[in-house]
Amino acid sequence: MSPKKAKRRQQQGEGGSSNVFSMFEQSQIQEYKEAFTIIDQNRDGIISKDDLRDVLATMGQLNVKSDELEAMVKEASGPINFTVFLTMFGEKLKGADPEDVIVSAFKVLDPEGTGSIKKEFLQELLTTQCDRFTSEEMKNLWAAFPPDVAGNVDYKNICYVITHGEDKEE
């Protein structure tokens, strides 16, 4: 590619569809592709309302209303192929801080630098400050990130999952 074309592509910014692939690491793209394939129940390359209904049913959500499914599909600007699917994730993650920034925020709560904080302390902060967590949200947090036997929560793992969308221990 000539330098002019490369520069022009760079200047197009995040509006170009090819740039969505540069937002993710190759391993993340592969994971999103696997997720897309699972959701695309009829394997036609497009996620439809029926695909969403079928995949939600496999996860035990049997009574999802048609208008809820319609709203999910309408989040995309058109048919949801893999590139659109990846773009939607990119847009959702665009506002998220990088992993090192989130870890640094947690480190303020961990002056000894242990990599973990007490469950009770974290729960108190999350339920009493700013955008307070509900009891259901706390229950979900502890289900996803159970504290160790001493009551410590590995915040580095939480930060990794926030920015990468997967548990690094799996």
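This note sets out numbered points on a predicted model of a protein chain.

1. Overall composition. The protein chain has 170 residues, and buried residues make up 27% of them. Its secondary structure comes to nine helices and two strands. Read from the N terminus, the order of the elements is α-α-α-α-α-α-β-α-α-β-α.

2. Annotated spans. According to an unreviewed UniProt entry, the annotation "domain: EF-hand" covers residues 27-62 and 97-132. In the model, residues 27-62 are 64% helix and 0% strand, with end C-alpha atoms 32 Å apart. Residues 97-132 are 53% helix and 8% strand, and here the end C-alpha atoms lie 20 Å apart.

3. Geometry of helix α2. Helix α2 spans residues 26-39 and so contains 14 residues. From the first C-alpha to the last it reaches 20 Å, close to the 20 Å expected at 1.5 Å a residue.

4. The two sides of helix α2. The buried residues in α2 are Gln28, Ile29, Tyr32, Phe36 and Ile39. Viewed down the axis of α2, these buried residues fall within an arc of 100°, and they therefore line one face of the helix. Gln26 and Ile38, on the other side of α2, are exposed.

5. Aromatic contacts of helix α2. The count of aromatic pairs comes to six. One of them joins Tyr32 and Phe89: the ring centres are 4.6 Å apart and the planes stand at 35°, so the pair is tilted. Tyr32 belongs to helix α2 and Phe89 to helix α5 (residues 82-93), so this pair ties together parts that are 57 residues apart in sequence. The two partners can also be described by accessibility: Tyr32 is buried, with a relative accessible area of 12%, whereas Phe89 is partly exposed at 31%.

6. The aromatic cluster. Ring pairs link Tyr32, Phe36, Phe82, Phe85 and Phe89 into a cluster. Tyr32 and Phe36 are among the buried residues of α2.

7. A stacked pair. For Phe106 and Tyr155, the ring centres are 5.3 Å apart and the planes are at 10°, so the pair is stacked. Phe106 lies in helix α6 (residues 99-107) and Tyr155 in helix α9 (residues 155-164), so the contact ties together parts that are 49 residues apart in sequence. Phe106 counts as buried at 15% relative accessibility, and Tyr155 counts as buried at 1%.

8. A search of the whole structure finds two salt bridges. In one of these, Lys49 is paired with Glu70, and the closest N and O atoms are 3.3 Å apart. Lys49 lies in helix α3 (residues 49-58) and Glu70 in helix α4 (residues 66-73), so the pair ties together parts that are 21 residues apart in sequence. Lys49 is partly exposed, with a relative accessible area of 25%, and Glu70 is partly exposed, with a value of 30%.

9. Arg53 forms a salt bridge with Asp50, with the closest N and O atoms 3.2 Å apart. The two residues, Arg53 and Asp50, are three residues apart in helix α3 and are separated by about one helical turn. Arg53 counts as partly exposed at 31% relative accessibility, while Asp50 is partly exposed with a relative accessible area of 47%. In general, side chains of opposite charge can pair when their charged atoms come close.

10. Thr127 and Met138. Thr127 is found in helix α7 (residues 119-128). Thr127 is partly exposed, its relative accessible area being 29%. The C-alpha atoms of Thr127 and Met138 are separated by 8.2 Å, the two residues being 11 residues apart along the chain.

Key. Residues numbered from 1 in each chain as written. Predicted model: local features only at pLDDT ≥ 70, side-chain atom pairs only at ≥ 80, totals over all residues. Heavy atoms only, no water. Salt bridge = Lys/Arg side-chain N within 4 Å of Asp/Glu carboxyl O. Helix = DSSP H or I, 4+ residues; strand = E, 2+ residues; numbered from the N terminus. Buried < 20%, exposed > 50% of the residue type's maximum accessible area, 1.4 Å probe, protein only. UniProt positions renumbered as here; feature names shortened; annotations may be inferred. Expected span 1.5 Å × (residues − 1). Arc of directions from axis to C-beta. Phe/Tyr/Trp six-rings, centres within 6.5 Å; stacked < 30°, edge-to-face > 60°.
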